[in-house]
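This briefing covers one protein chain and the way its parts are arranged. The sequence and the structure come first, and the notes follow by topic.

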Amino acid sequence: MSGPEQVASQLDALVSPIGRELLDRLARLEVTPETELRVGALLRRDYPTELVTAALGQHELRRRAYLKFTRSQQMYFTRPGLEQATAEVIARHRAARFAAASRVADLCCGIGGDLIALAAGREVVAVDRDALHLRMAALNADAYGVGDGVTVVHADVRDVDLTSVDAVFVDPARRAHGHRMRTGDSEPPLSWSTSLAERVEAVGIKAAPGIARDAVPSGWEAEFIADRRDLKEAALWSPALATGTSRATILPEGHMLLPLHGDEVEHRDPGEFLLDPNPAVTRAGLVEDLARSLGAWKIDSQIAFLSSDQPLRTPFARTLRVLDSGPWEQKALKPRLRALDIGSVDIRRRGLAGDVDDLHRQLKLRGTRRATLVMTRVDDRPWALICTDPNSADHDFG
Ligand SMILES: C[S@@+](CC[C@H](N)C(=O)[O-])C[C@H]1O[C@@H](n2cnc3c(N)ncnc32)[C@H](O)[C@@H]1O
């Protein structure tokens, strides 16, 4: 049996009643690298060896998938399929943009991460040229109770008739043969995906968060999505689904920041608080818009830090209290930190070169408190800020 046929027959065995029984049994056992051999030997007394091997592999993928899917224990994965799958919280957020659509095409559906969210309340035509992924996508939609509205099509997405759908979502592959493709490359390419809007007006495309600004066609929206402070991906929306040129979204709450045009934001020296924008805000090019919405200022024309004299609370930035701020002078840093009784620092560098590990070694700190040391530029001058997080337990600076 060849590789793909073997994997397909493993899946047949895993979805059979005996395979499901074995996977359920594994879910109740403590399987760790230390116990795996013993568990495997125990199970081989009751089940065929090949089935046990396949089930242990699937169990491990389900365990990892827990970070993305609440129902991972009932789902099926390949390793690349899981790695490329959209996490539930992001897929649900993105699918909400298709609220007006009743029949959507999910092109390059993979193991169905997006499909699960798209199929909640509407019909979906799910297309992939990988037969195994397509089968898993259908099983995974069933695991979430949304399989009835799903039609699977095993085909190259280029060959699919889209006349029956009123919206399209596409998540092109950005890996091939186990390797990440070059930034900007995908299969099918971005230009093919954006040209879908000539056939169906409402198009959403999943893209890498590092997508080049000039790759976004005019009239389209680029949405940058972070899960808390972790920048996850970009979504491109055709003019029919766009609400502006860019957007930053912070999940799980779904806070969104849109462009806020107005007067130029002033630049001046840091005040009592430093705001470190969420990476989704920075990637969306909305740092100045955030400053306007908060009444904050920039500390440098090129640097994505904001400042204020108020302890601003916003989901779009982390606010640090500034304990000490001044031009960067490495020699003066040690006494400044000692005077504040700081014994350990997280060093954040933005716009200033320097070896962070080397600096850590040179500082030889001995105090009892923690702080964040920010190496940056203020009005193009090298600058140091010693800050503390007002929300952290270490914040005892009064
Ligand atoms: C990034 S994954 C999709 C992940 C999916 N959205 C999810 O959340 O699980 C990309 C998928 O595109 C499929 N693919 C790549 N090129 C394709 C093509 N030309 N036609 C059909 N499927 C394709 C691959 O087989 C792979 O399953």
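Within strand β18, Leu385 is the bridge partner of Val374. Helices (H or I, at least four residues) and strands (E, at least two) are DSSP runs, numbered from the N terminus, and two strands pair if DSSP finds at least two bridges between them. The model is a predicted one, in which local features need pLDDT of at least 70 and side-chain atom pairs count only at pLDDT 80 or more, while totals for chains, interfaces and linings use all residues. Residues are numbered from 1 along each chain as its sequence is written.

**The β17-β18 hairpin**

- Strands β17 and β18 pair in the antiparallel sense over 7 bridges.
- The two strands form a hairpin with 2 residues between them, and Asp379 in the turn has a positive phi of about 50°.
- Strand β17 (residues 369-378) has 7 of its 10 residues buried, so it is largely enclosed by the rest of the structure. A residue is buried if 20 or more other C-beta atoms lie within 10 Å of its own, exposed if 12 or fewer, and partly exposed in between, with C-beta atoms placed from the backbone.
- Strand β18 (residues 381-388) has 6 of its 8 residues buried, so β18 too is largely enclosed by the rest of the structure.

**The sheet around the hairpin**

- An open sheet of 7 strands, with mixed pairing, runs in the order β13-β14-β12-β15-β18-β17-β16.
- At its edges stand β13 (297-298) and β16 (342-349), each with a single partner strand, so one side of each has no neighbour in the sheet.
- β16 and β17 run parallel and are joined by 7 bridges; Arg370 in β17 is the bridge partner of Ser344.
- β15 and β18 run antiparallel, joined by 6 bridges, with Arg321 opposite Thr388 in β18.
- β12 (residues 273-277) and β15 (residues 317-327) are also antiparallel, joined by 5 bridges, and Pro277 stands opposite Ala317 in β15.

**Domains and their interface**

- The domain assignment gives domain 1 (3-65), domain 2 (82-256) and domain 3 (273-388); such bounds come from an automatic or database domain assignment.
- The C-alpha centres of domain 2 and domain 3 are 37 Å apart.
- 14 residues of domain 2 are in contact with 10 residues of domain 3, where contact means that the C-beta atoms of two residues, placed from the backbone, lie within 7 Å.
- On the side of domain 2 that touches domain 3, β8 (221-227) and β10 (246-251) each supply at least two residues, and β10 gives the most, with 5 residues.
- That side of domain 2 divides into 8 nonpolar, 3 polar and 3 charged residues. Ala, Val, Leu, Ile, Met, Phe, Trp, Tyr, Cys and Pro count as nonpolar, Asp, Glu, Lys and Arg as charged, and the others, Gly among them, as polar.

**The ligand shell**

- 22 residues surround the ligand, and the closest are Ala85, Cys108, Gly110, Gly113 and Asp171. A residue counts as near if its C-beta atom, placed from the backbone, lies within 6 Å of the molecule.
- α7 and β2 are the elements that give two or more residues to this shell.
- The shell residues divide into 8 nonpolar, 6 polar and 8 charged.

**Helices**

- Helix α8 (residues 131-143) has 13 residues and reaches 19 Å from its first C-alpha to its last, close to the 18 Å expected; the expected span is 1.5 Å times one less than the number of residues.
- Buried residues of α8 include His133, Leu134, Arg135 and Met136, and what covers the buried residues includes α1 (3-15), α5 (79-84), α7 (113-118), β2 (123-128) and β3 (150-154).
- Gly145, which follows α8, has a positive phi near 70°.
- Helix α13 (residues 356-363) is hardly covered, with a count of 0 buried residues among its 8; Lys364 follows α13 and has a positive phi near 40°.
- Trp192 is found in helix α9 (residues 190-195) and is partly exposed, with 15 other C-beta atoms within 10 Å.
- Trp192 and Arg158 are 34 residues apart in sequence and 8.7 Å apart in space, C-alpha to C-alpha.

**The chain as a whole**

- The chain has 13 helices and 18 strands, and 37% of its 398 residues are buried.
- Its C-alpha atoms fill a box of roughly 70 × 55 × 35 Å, taken along the principal axes.
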